[in-house]
Amino acid sequence: MTKDKAHISVQDLNVHIGGNHILKDINIDIPNKSVTSIIGPSGCGKTTLLKTFNRLHDTAADVKVTGKVLVDGEDIYDPNTEITHIRKKMGLLSQRPYPLPMSIYDNVAYGPRIHGIRKKQDLDIIVEKQLKATALWNEVKDRLNSSATRLSIGQQQRLCLARGLAVGPEIILGDESTSALDPVSTSIIEDLFVKLKQDYSIVLVTHILRQAARVSDYIIFVYNGRIVEYGKTEQVLRDPHEELTKEYVKGYIV
Amino acid sequence: MLLFTVLSVSLVFIIGIGLYYKSIPVLQNSTWWHLLTSSVWKPLKGLFGFYPYIMGTLWVTGIAIIIALPLCVLTSLYIVEYAHSRVRRILMPFVNLLSGIPPVIFGVWGVLFIIPLIQDHIAPHFVEFSTGYSVLAGGIVLAVMIFPLIVSIINEVLRTMPQELKDASLALGATKWETVKKVILRKALPGIIAATVLAISRAFGETIAVLMVCGNNAVVPHSVFDAGYPLPALIANNYGDMMSIPLYDSALMFAALLLFIIILLFNIISRIILTRLERRISA
């Protein structure tokens, strides 16, 4: 569908949760090094789709997933695939920031430590680099050892982003990552996404069309568990091919 | 409603004051310091040393917590984080049932099962001779009794842990066990401490089951296989008897006052620790 190399390739994906058919026959290629937004009304399956990319559904008991999700050509639902390896490739930024119950420094160092980096110097370098990448360094450099929960919510969300980047992912998944934030923090995060797409493939779930317009290169419109339209941001928002997309963009379907 | 609340709160003070009032005779006869540190217990001569009883109480409670806490934490983690929902539904009623069993039955179980176990199988590995009636027996029985209380509180703490927090750790490539160890347990720590505090308060006062198994020998225990004589057992065994001995009644009231103060102090200290801890880690 796009000329960029596909980073995530979804083939015949169906997801059932507790007997409900949430995602139906999803086929899509998500391109490398660009921002792709998944839009759609509440309950249409956007977040479910996002979570299938790093298998976070595994924690829920009654979820059934069929089909393939290839990341760099590797099927993540293959029983032989190691799940921690898949998840390490993807940083997740959830709706609200959930800092781990530890210091600012330890939050960022948590991932690298788990993946075997023990040396203080190495961790120092990672922590500083990622806090700078998320424009947080100057605000927190003097209190790296204080609790992460003392930061403002906008700072917490940037910390969570830094934490995700610290394990060296290739993909960033954002699940309505700015919905709990004030406008200033929102625009900081949005700017970060635009900057980060040079190095990462970014997939965002959002219900704010203007946000999708501001940050994304591609848009996926999901309705009722199906992909209705997928294309360049400009085209989907300005000149949608499908009637449903037209109505959603105009604000008729909420 | 306010009236009843005030009444029940003031009851604590009334009991405290009442116990103190009743202890005055024995306090006039001796000093606080002497009562607390002396090991001589000769009611006929008016000598009351509470040190062995205080130590007996601390030993039994300490052993109970050391045994119960790791078991409870692991049980709760299993029930909430690992067990299938069907298994969980079967397990929980059993845990709750345990809390409904009357203490005297635990006492009988201790005498019939734990005592012989210690006497024949555990103690011989460590000491030359033990009757089995020991602070260890008291600790084990008590551990089983506080188990459901701790488990149900920790369960509640774990169940209210946001899924997103666990997801955050998992999404970084942490395994389930790493997440449990480094995030869940850490976040649950204040709750676990609160559960322990509650359990200890209850363990301090537990009387009948402990009294049946811990030997009731007024000496300071030096090993887990020694007999002990906790304060509640002292009161229960003697109150009402031997009222002919002067000061005895007052001494037992003093024992009750001690128990009251220990529990009160313990609650206050743990409350302070808890608030500090919560301020430090959670939101």
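Biologist: How many helices and strands does the secondary structure of chain A come to?

Modeller: It comes to 10 helices and 10 strands, where a helix is a DSSP run of H or I with at least four residues and a strand is a run of E with at least two, numbered from the N terminus. Mind you, this is a predicted model: local features need pLDDT of at least 70, side-chain atom pairs count only at pLDDT 80 or more, and totals for chains, interfaces and linings use all residues. Residues are numbered from 1 along each chain as its sequence is written, and chains are lettered from A and ligands numbered from 1 in the order in which they are written.

Biologist: What makes the radius of gyration of chain A agree with a compact globule?

Modeller: The globule rule, over C-alpha atoms, is 2.2 Å times the number of residues to the power 0.38. For 254 residues that gives a value near 18 Å, and chain A has 18 Å, so the two agree.

Biologist: Which residues of B:I150's surroundings count as being in contact with it, leaving aside neighbours within four places in sequence?

Modeller: B:A68, B:L69, B:C72, B:A195, B:T196 and B:A199. Contact here means C-beta atoms, placed from the backbone, within 7 Å.

Biologist: How many residues does the contact take from chain A and from chain B?

Modeller: Chain A gives 24 residues and chain B gives 22 residues. Helix 2 (83-88), strand 6 (90-93), helix 3 (104-114) and helix 6 (153-165) of chain A each give two or more residues to the side that touches chain B.

Note on methods. Two residues are in contact if their C-beta atoms, placed from the backbone, lie within 7 Å.
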